[in-house]
Amino acid sequence: MRKLSRDEDFILRIQEISQQNIADCYQCGRCTAGCPFAEFMDEPPNRIIRYLQLGLKDEVLKAQGPWFCAACLVCETRCPRGVDIPRIMEAVRTIHLRSKEQLLDIDRIDKKILEEAHPLVLMSALYKYSY
Amino acid sequence: MKVTYYPGCDLYTKAKILNDSIIKTFRAVGIELVELANWYCCGTTFTLARDNKMSLIAPLRILAKVRQTNGSVLVPCSICFNTLKRANFIFKQDPETLKILNEHLGENYDAQAEIIHPFQFIFEHKDDFRKGVKRQLENLKLGCYYGCYLLRPQEELEFDDPEAPTIMEDFVHLIGARPISFPLKVECCGSYLIVNSPEAALEASYRILKNARENGVDALVTSCPVCHYNLDNFQTRITNLHPDHQPIPVFYFSQVMAMAFGLPVEDWGLEYNKVSPKKLLEEKKIL
Ligand code: SF4
Ligand code: SF4
């Protein structure tokens with residue numbers, strides 16, 4: 001059996017950046033049910049939170065789910081426990097970005113989008129995918 | 001009447017038609033929009049990392065200028081509106097952060113600026129705007145698309161019900177067109193995912209357009225430049241992915257107001273729309 005180890009520092013760091021209490025979530029799954037991008041996520045919002053509750057740092061950092069979160073706040077509106085999930089997704093991204101991982105590479109952006117996109121769209125993307 | 005106005009970067013560039021049509025339609029009912037002097041970019045999408053104070057610098061400077069001007073500011077771009085409102089919520093709730101930023105920037109901001117969206121302003125002056133209507137658009141069925149930034153989080157924006165808003169329907173009704181509500185009117189268009197994960201954003205936009213079509217809309221209305229970009233700009237790509245897709249024109253609310261107010265057709269900015277609304281408007285005898 002795979003040995004799982006609980007990383008307390010990691011949980012505290014996520015809670016500090018997001019100002020959310022990970023233990024508040026009771027895993028009803030409403031966030032994932034309403035998330036417009038869940039189908040693109042390897043690990044959907046409720047599972048990211050479950051991994052955090054269990055302190056499974058590697059699982060959380062391996063997940064691509066948080067990169068598909070558009071911060072639309074539908075889940076925040078619907079969570080019966082008042083968990084601000086997009087803040088937790090942002091905290092996971094922030095930890096990656098501050099360690100200079102997964103930064104948005106401008107050369108990788110579709111050329112047509114780069115030319116045509118509103119400054120607002122490009123700035124938002126750069127904001128979310130850099131630090 | 002003069003009203004202080006914050007256009008933001010997008011309204012100066014790719015969303016110029018939103019800027020021009022708001023200024024002209026408001027002028028038509030006697031309201032002069034006066035740009036806030038020396039404004040900055042608001043920083044775009046609000047950061048959700050609570051330990052990031054950098055992102056609050058631009059909003060604080062903008063709002064301090066608003067306070068020095070006349071205390072309230074009209075903000076048409078949904079993202080600017082969202083970012084300024086959310087930052088101001090922190091300034092109100094967290095005096096410690098406000099103090100640190102004020103000291104750092106040499107400002108003396110008191111968190112009392114008022115940030116107003118055009119829909120709110122229009123309803124505070126609804127008789128003036130109703131009187132501005134010169135043309136009948138009652139055959140035009142407009143799907144009211146809100147997206148995210150105007151509505152969520154509700155407790156910070158205090159705009160409308162985040163799950164079942166009605167302010168845009170009321171607006172469409174006020175200017176004499178036919179509002180249509182459809183289930184996905186509050187769903188996300190994909191926002192900035194279009195840059196990094198276009199496949200996800202295009203799918204989100206496709207679902208919204210399809211849902212609108214199934215509910216009988218002729219065209220969509222929005223106030224957000226990002227929603228407008230995602231929903232209008234990529235319909236050819238959406239058709240390539242989903243051959244069943246039928247293109248739908250997407251208007252800024254102020255373009256429709258320009259039609260209703262009988263402004264000259266050059267002021268409607270139709271050449272800005274990627275999905276041309278000309279055929280639709282001819283069919284409805286508006287053009
Ligand atoms: S909706 Fe809230 S309580 Fe339910 S699984 Fe998601 S975060 Fe947990
Ligand atoms: S905020 Fe993120 S996780 Fe929540 S519903 Fe929207 S995209 Fe999904």
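**Pockets, burial and backbone**

Modeller: H3(B) gives the most to the lining of the second largest pocket, with five residues. Please bear in mind that this is a predicted model.

Biologist: Which elements of chain B supply at least two residues each to the lining of the second largest pocket?

Modeller: They are helix H3 (78–93), strand S4 (114–116) and helix H7 (154–157) of chain B. The lining has 13 residues, and those nearest the centre of this pocket are Lys85(B), Asn88(B), Lys92(B), Glu156(B) and Glu158(B). The volume of the second largest pocket is about 210 Å³.

Biologist: How do the residues of the lining of the second largest pocket divide by class?

Modeller: Six are charged, four nonpolar and three polar. Lys and Glu count as charged and Asn as polar, so among the residues nearest the centre, Lys85(B) and Glu156(B) are charged, whereas Asn88(B) is polar.

Biologist: What is the volume of the largest pocket, and which residues are closest to its centre?

Modeller: The largest pocket holds about 400 Å³ of space. Of its 22 lining residues, Tyr127(A), Ser130(A), Tyr131(A), Thr47(B) and Asn52(B) are closest to the centre. Two or more lining residues come from each of helix H6 (85–98) and helix H8 (119–128) of chain A and helix H2 (57–69) of chain B. H6(A) provides the largest share of this lining, five residues.

Biologist: Why is Thr25(B) called buried?

Modeller: The word applies under 20% relative accessible area. Thr25(B) has a value of 0%, and therefore it is buried. This residue lies in helix H1 (residues 16–28) of chain B. Beyond its neighbours within four places in sequence, Thr25(B) is in contact with Ser254(B), Met257(B), Ala258(B), Phe261(B) and Leu263(B).

Biologist: Why is Gln19(A) called exposed?

Modeller: Exposed means over 50%. Gln19(A) has 51% relative accessibility and therefore counts as exposed. Gln19(A) is in the loop between helix H1 (8–18) and H2 of chain A. Its phi is positive, about 55°, although Gln19(A) is not a glycine.

Biologist: What makes Lys285(B) exposed?

Modeller: Its relative accessible area is 69%, which is over 50%, so Lys285(B) is exposed. Lys285(B) lies in the segment after helix H14 (278–283) of chain B. Although not a glycine, Lys285(B) has a positive phi of about 60°.

Biologist: What kind of peptide bond joins Arg152(B) and Pro153(B)?

Modeller: The bond is a cis peptide bond, with omega of about 0°. Pro153(B) belongs to the loop between strand S5 (137–144) and H7 of chain B.

Methods: Residues numbered from 1 in each chain as written. Chains lettered and ligands numbered in written order. Predicted model: local features only at pLDDT ≥ 70, side-chain atom pairs only at ≥ 80, totals over all residues. Heavy atoms only, no water. 1 Å grid on protein atoms, 1.4 Å probe; cavity = no way out; pocket = protein on both sides within 12 Å on 5 of 7 lines; lining within 4 Å. Points joined across faces, edges and corners; volume = space filled by probe spheres on them. Helix = DSSP H or I, 4+ residues; strand = E, 2+ residues; numbered from the N terminus. Buried < 20%, exposed > 50% of the residue type's maximum accessible area, 1.4 Å probe, protein only. Contact = heavy atoms within 4.5 Å.
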